[in-house]
Amino acid sequence: MSQLNAVEARHAVKAFGQGDNAVRALNDVSVEIRKGEFFTLLGPSGCGKTTLLRLIAGFEMPTSGTILLEGADITYLPPNKRPVNTVFQSYALFPHLTVAQNIGFGLEMQGRPKAEVKATVDRMLALVKLEAMAGRKTSQLSGGQQQRVALARALAPSPKVLLLDEPLSALDLKLRREMQSELKRLQTETGITFIFVTHDQEEALTMSDRIGVMSAGKLQQVGTPREIYTRPLNRFVASFIGETNFVPATSDGSTLTVAGGYQMPAPAATKSGAVTVTVRPEQVKLTPTAEPGTLPATVRGVVYMGTDMNYQLHLADGTEIEACVVSDVTGEAALAAGQTVGVTFTPGSLQVLED
Amino acid sequence: MSAAEEAQAAQSVRNGWLLSTPALVILTLFAVGPLLIVVVYSFLAPGQYGNVEWKLSLDGWRGILWTKDIFDDTYGLADANVTIFWRSIKLSILTTVLTFAVGFPTAWFIATRPAKSRALWLFLITIPFWTNLLIRTYAINEVIRNEGLLNTVLIKLGLISEPLRIIYTDTAVFIGMAYVYLPLMVLPLFAAIDRFDMRLLEAAYDLYASRMQVLRRVILPIVKPGIIAGSILVFVPSLGAYVTPRVLGGGKQMMIGNFIDLQFGQGRNWPLGAALSLTLLIIVTAALLIYVKYANRDVSNGH
C-alpha cells in the first residue's frame, strides 16, 4: 500500500559528472517513508544522504528512478510546486525580513489571505516560543533562535513532509540536546512526517521512529533504532552505530562456533562456513576464571570510564575484543591486566553479519 | 582628570590639527576656494567680453529658468533652458535604467562564475576605462553614424533601405552614455551580488516562490544597496555629461554640461554659467542625500 507512504524513492540513482568521471552519489536507493513518522537518514559525510534529501525537496533531479509523494510521482516537479519544505543546515533565513516575515514567507508565496498568514505566523511563533522576537531581524537572534525560526518557517505552510538537513550541527552540545527534544515535540504535535539527515548516531537513535543507514551511495539498512543497534545487517552498520566487536566464527548451519571455542545455536538462515559475528561490548560477560564453556581470554588493559569499566581482551585465537561492565560503587576494577578470564555472551546478543 | 592628563589631551588635539593641516590647506585652496569663486560669480553681472563685472546682480540665477524679453524687459519662461534641463534629467534616468537592465544580468553572471574566471570577467569590464573617453565616444560615433557600422550592416542585410538616423539625436547621446557608464553600474552590483548568499534562492524556491517572486522578494531587496550605489554612480556623471552629448548630440542636443560650457564660451555669460553649475551641484547633492539616507537605513536594518 503505497498510500501509507509519505515518501517513496524507487531505484533512485544520482550521478554527478560525465562518462568515466561520473560519481554515483546515490546508487539505486529504494526506501519507503511512512506517514507521520520521524525518519532519519544516517551516514558519514559523502554517503549520499543529503543528495537523497535534495531529490525529495526537488533541488536535484535523479539520473534515473522515481520519487513519489503520497503515491504521486513528483520526480520532475520543481521545489515550489511540492508540498515539501526544508530546514537548511545554514538555516538560510532571509536577512532583509523580520522573524514574522520569514515565517510568513511561504504562506504569502502561496497567495494565502493576509488574515490567515497572520494567524498561522502567530501560531508558529507560539509553537517555537518566539512570540517576543516577532519583529526582530534574524541577525539579532542567537543560533538556537535562528534554528527555531527556520523550523517555524518550514512548518508554517503545513507541508506533507518536512526535510531537515543536519539542522543541529551548528549548535553547541547543550543547545543541540534541547533542540533534539524540541524537534521530537514539534513532530508529535504537528503530526508531520519528518525526514532528518544527520551523521550523528546518538541524534539518530534518540529521535527517530526509524533510521535508514547509508554508506557509499547505498542504503545499508532500514529499521527502528533498536533493530539497527541490536541487529545490524552488516559490518558498516554495526561499526557506525555504537561500539562493537567483530569476532570470526564458523557455522555448520545449526551450530555457530565463535572464536574457535564458544558454541551456540546458529540463528535461522545462517549460511554455512566462515562468518563474522558482532557483539556489543556491554553484552560481553566476564568470569574471573576460564571455566569450561567459556572462551579463555587475557585482560590486556582496563579503562575506567565513570559509569562503565572498559576491558580490552585478547582471545585465544588472537581476536581483540572489548567488554564493558558497569562500574561498582568503589570504581575499582574487579579484574586486573594480565589476568586470564572466561568470556561468555548474553544469549541472543550475537548477530551474524551478511558480509 | 589630572592637570597632566589634561595637558596631554590638549597636546594630542594640537597634534591632530597639525597633522591635518596639509590636507586642510589643499582642500581649502582647491576644493572650497574654486567653489566660493563660482558662488560669488553667480551673483555678479556679466562682462562685455566674458568675465564678470563687480556689480551685484541676480540675473545669473534668474537666467536659469527665465529669459528677459528683448522688447519690453519682462521675464518669460526660457523654453530652451527647460528643454535642456528636461533632456538632461530624462537622458540620465534612461541611462541609469538601461545600464541597470544590462548591468544586473552581467553582474549576476560574473558573480556566479567560479572564482578563477571571475577575475578575468571583472578585468574585461574595466578595459574600456583604459582608453580616453573622447576616443571611445568617437568609436560609438563610428558605429551609429549614417555611413557607420550599424547602418552598413543593416543595409547589406537588406533589413533597411535608408540608414537609421541615430547620430545627433537624443538616442545617440543615450546610447553613448549607457556605453560609457555601464561599468560604473556593473561593479557595485557585482559587489552586492557577490555577498549574496545563493542558498537563499533554494530557501525561497522551496517556500513556493516562483522565479519572478524570488527575484522581486529576495534578490532585489537584498542587493538594493548595490543597486542604489550603481544608480548614483551612473546618474550623477550622466547629469553633468559633456563629451558624449557634444560628440554624439552634435552641439544641438545639449545637456546641462554643454549649456554651462556655452555660457563661459560663446555666451559670454559667466554668472549664468556659475548659477547653472551650482544648480547642477544642488541636484547632485539632493540625489546623494537620498542615497545616504537609503544606505543608512539598510545598514541599521542589517544589524
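**Grounds for the classifications**

Analyst: Between chain B and chain A the count is 2 salt bridges. The model is a predicted one.

User: What makes the pair B:Glu202 and A:Arg54 a salt bridge?

Analyst: The closest N and O atoms of B:Glu202 and A:Arg54 are 2.5 Å apart. The criterion asks for a side-chain nitrogen of Lys or Arg within 4 Å of a carboxyl oxygen of Asp or Glu. The pair B:Glu202 and A:Arg54 therefore counts as a salt bridge.

User: What is said of A:Glu60 and A:Arg54 as a polar contact?

Analyst: The side chains of A:Glu60 and A:Arg54 are joined at 3.0 Å. The limit for a pair of N or O atoms is 3.5 Å, so the distance for A:Glu60 and A:Arg54 falls within it. A:Glu60 lies in the loop between helix H1 (49-57) and strand S4 (64-69) of chain A. Beyond its neighbours within four places in sequence, A:Glu60 is in contact with A:Lys14, A:Phe16, A:Arg54 and A:Leu55.

User: Why is A:Glu60 called buried?

Analyst: A:Glu60 has 18% relative accessibility. Buried means under 20% relative accessible area, and A:Glu60 therefore counts as buried.

User: Are A:Thr66 and A:Gln220 buried, exposed or partly exposed, and on what grounds?

Analyst: The relative accessible area of A:Thr66 is 24%, and A:Gln220 stands at 22%. The partly exposed class runs between the buried limit of 20% and the exposed limit of 50%. A:Thr66 is therefore partly exposed, and so is A:Gln220.

User: Where do A:Thr66 and A:Gln220 lie, and what do they touch?

Analyst: A:Thr66 is in strand S4 of chain A. Not counting residues up to four places away in sequence, A:Thr66 touches A:Glu8, A:Ala9, A:Arg10, A:Asp73 and A:Thr75. A:Gln220 belongs to strand S10 (residues 218-223) of chain A. Leaving aside neighbours within four places, the contacts of A:Gln220 include A:Val213, A:Leu233 and A:Phe236. The side chain of A:Gln220 also reaches the backbone oxygen of A:Ser215 at 3.2 Å.

User: Why are A:Cys47 and A:Cys324 called buried, and how many disulfides are there over all chains?

Analyst: A:Cys47 has a relative accessible area of 2%, and A:Cys324 has 19%. Both values are under 20%, so A:Cys47 and A:Cys324 are buried. The count of disulfides over all chains is 0.

User: What describes chain A as a whole?

Analyst: Chain A has 8 helices and 20 strands, and buried residues make up 51% of its 355 residues. Along its principal axes, the C-alpha trace of chain A spans about 80 × 50 × 40 Å. Of the contacts in chain A with a separation of 6 or more, 64% are between residues 24 or more positions apart.

User: Where is B:Thr169, and which backbone oxygen lies 2.5 Å from its side chain?

Analyst: B:Thr169 is in the loop between helix H6 (149-156) and helix H7 (170-195) of chain B. The backbone oxygen of B:Ile166 lies 2.5 Å from a polar atom of the B:Thr169 side chain. Leaving aside neighbours within four places in sequence, B:Thr169 is in contact with B:Leu248 and B:Gln253.

Note on methods:
Residues are numbered from 1 along each chain as its sequence is written. Chains are lettered from A and ligands numbered from 1 in the order in which they are written. This is a predicted model: local features need pLDDT of at least 70, side-chain atom pairs count only at pLDDT 80 or more; totals for chains, interfaces and linings use all residues. Side-chain values use heavy atoms; hydrogens and water are left out. Helices (H or I, at least four residues) and strands (E, at least two) are DSSP runs, numbered from the N terminus. A polar contact is a pair of N or O atoms within 3.5 Å; within protein, one must be able to donate a hydrogen and the other to accept it, and residues adjacent in sequence count only if both atoms are side-chain atoms. Contact means heavy atoms within 4.5 Å. A disulfide is a pair of cysteine sulfur atoms within 2.5 Å. Buried means under 20% relative accessible area, exposed over 50%, partly exposed in between (1.4 Å probe, protein chains only).
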